[in-house]
Number of protein chains: 2
Amino acid sequence: MNILVTGAAGFIGSNLVDYLLGLGHHVTGVDNLSTGKLEFLRQTKCNTCFRLVRADLLLDENWQQHFESQDLVVHLAANADVRFGPNHPAKDLEQNTIVTQRVLEAARLHGVRRIAFSSTGSVYGEATVIPTPEDAPFPIQTSLYGASKLAAEGLIGAYSEAFGMQAFIFRFVSILGERYTHGHVFDFYQQLRRHPNQLRVLGDGTARKSYLYVKDCVRAIMMAVEKSSERVNIYNLGAKEYCRVDDSIGWINETLGLSPRREYSGGDRGWVGDNPFIFLETSRIRALGWQPELSIREGIIKTVEYLRENPWLMGGQ
Amino acid sequence: MNILVTGAAGFIGSNLVDYLLGLGHHVTGVDNLSTGKLEFLRQTKCNTCFRLVRADLLLDENWQQHFESQDLVVHLAANADVRFGPNHPAKDLEQNTIVTQRVLEAARLHGVRRIAFSSTGSVYGEATVIPTPEDAPFPIQTSLYGASKLAAEGLIGAYSEAFGMQAFIFRFVSILGERYTHGHVFDFYQQLRRHPNQLRVLGDGTARKSYLYVKDCVRAIMMAVEKSSERVNIYNLGAKEYCRVDDSIGWINETLGLSPRREYSGGDRGWVGDNPFIFLETSRIRALGWQPELSIREGIIKTVEYLRENPWLMGGQ
């Protein structure tokens, strides 16, 4: 297949590019390199089945012609940090919702029939059913990030209905693994690198979260694209289990051989719009034959090892 | 209270303005007069408790200072026609989603604590539960209009959580009554005015829809604002019953004393993204003590009578 990946130089994007090239697909990556890194695509340098288009999906126009002759667009480009929405209230709308509409419009104009999209478990807000299934009770949004992804999901659904596209929407838990560059493991690792004896923790450590290893994630995406037959196919992607923030800290410490003093900011939420319990029901994607190869613990350990081997990611701090 | 109403010169907006002035509130209306009509606000001409700000919420900036000292913003301004989304795929996003973010931002910057919003039953897509309650299974969007309103709902939820606002979200069925200027009764009336013996009907006439009389609608809005205590309060607004398109045509004919030949375009949908069965569960708003005073039949008759008395609305066609 010819597959275009937006956000191709990002954490999940670059892992997906590697996976797709491994399967023999022709891949066009688009990235503005705002958070993505060329280093993550170094291995594609001599691969004639890959090309990178450096473009900003919000501001530029020079990327749209690359949608021509694509069999599938995987739209991963986004402002991916759920925590800082209130600091710049229009950013999620611009980067996640408006950009998605631009991507859909390019897909429509160039006749792309299939689109896959990285949504988030944050669209469930504070779920009333846990583990949360895809058809959970209609939720109220609690974060600008979740709201912007929900809006993008809605656009994708409406475009599919109006223009006969097929859509694959994935609601991710937090993803971990090689090339991970933001989120709690990154923050904790960075803190411990500077001050190995002390760790500041947002919240009280009891929040329950679920994580998924990035290679399990990209495998699920392509399995769903292959095996789904509805017009709009929505899948939760997550591990079978959840952990507490304190468990996660324990595994990080264990990997690094440290035992820092923990200082909790307190409260059951790490930030405004944080959700103290995220755990998604994943039986729908597992019914396709997929299951994660790594547990949350193994994913966290792999992530810490990756960060330790790649100090350049800490930006020389 | 000081209340700002966006879309104040529109169908629902001008009815709300009348109702609020009748209750003794101070009202600031904002409208770009793109579909709103000054004629609908003629009765406010000498009312010193009302002022109109002529501004475009998407393109202008001159309206934001009027949010200062408002106790409540009722955001009704929108691209309100569900049928033509696919003809201009960015319009709903711009007029309904992006404008809502701009309104929220103005409310935040000027310290407005309460916001009411006109959403739509279209956010339920093709509902799997009918009558559809507010916490129905998480729906897939089927229209650009519904998607744009859902996106706005999400932004409102996230702003409420992040910035401590209180929100009132109303998911309307189609609204009928005085100053109604678009929708199926308008279309049918306009056709019959030109050709009294012939009526072209989109779909096969069996689609089931619910309607609500506009004065019942504005009364519900203010009752909910008064009596709701959650941070984000979502209410379906609709009649207790539904009717078929064919019933509605019968009542229109009855009022006009006509019996035109009906020509059906066929199929169970009138247009792309149309929903063959819309019927909302309204027990939540009724639990506050509200109920509609007019039945669907009475609302349709009142609408036809209004159109007959106001031929200027047909634009001299």
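Entry 1: contacts between the chains. I count two residues as in contact if their C-beta atoms, placed from the backbone, lie within 7 Å. The model I am reading is a predicted one. With that cut-off I looked up where the chains touch, and I found 32 residues of chain B in contact with 32 residues of chain A.

I then asked which elements of chain B give two or more residues to the side that touches chain A. They are α2 (91–109) and α3 (144–163) of chain B. The largest share of that side comes from α3(B), with eleven residues. I also sorted the residues of the side of chain B that touches chain A by kind, and they divide into 18 nonpolar, ten polar and four charged.

Entry 2: how the two copies are related.

Entry 3: chain A as a whole. I listed eight helices and 13 strands in chain A. Along the principal axes, the C-alpha atoms of chain A fill a box of roughly 55 × 45 × 40 Å.

I checked burial next. Of the 317 residues in chain A, 52% are buried. I also looked at contacts in chain A between residues at least 6 apart in sequence, and 80% of these join residues at least 24 apart.

Entry 4: a sheet in chain B. I traced an open sheet of seven strands in chain B, with parallel pairing and the order β3-β2-β1-β4-β5-β6-β11. Which strands stand at the edges? They are β3 (50–54) and β11 (232–237) of chain B. Each has a single partner strand, so one side of each is left without a neighbour in the sheet. From one strand to the next, I noted a twist that averages 15°.

Strand β6 (residues 166–172) of chain B runs parallel to β11(B), and six bridges join the two. In this pair I looked up I169(B), and opposite it stands I234(B) in β11(B).

Note on methods
Residues numbered from 1 in each chain as written. Chains lettered and ligands numbered in written order. Predicted model: local features only at pLDDT ≥ 70, side-chain atom pairs only at ≥ 80, totals over all residues. Helix = DSSP H or I, 4+ residues; strand = E, 2+ residues; numbered from the N terminus. Buried ≥ 20, exposed ≤ 12 C-beta atoms within 10 Å, placed from the backbone. Nonpolar A, V, L, I, M, F, W, Y, C, P; charged D, E, K, R; others polar. Pairing = 2+ DSSP bridges. Axes fitted to C-alpha atoms, helices over the stretch in contact; angles between N-to-C directions.
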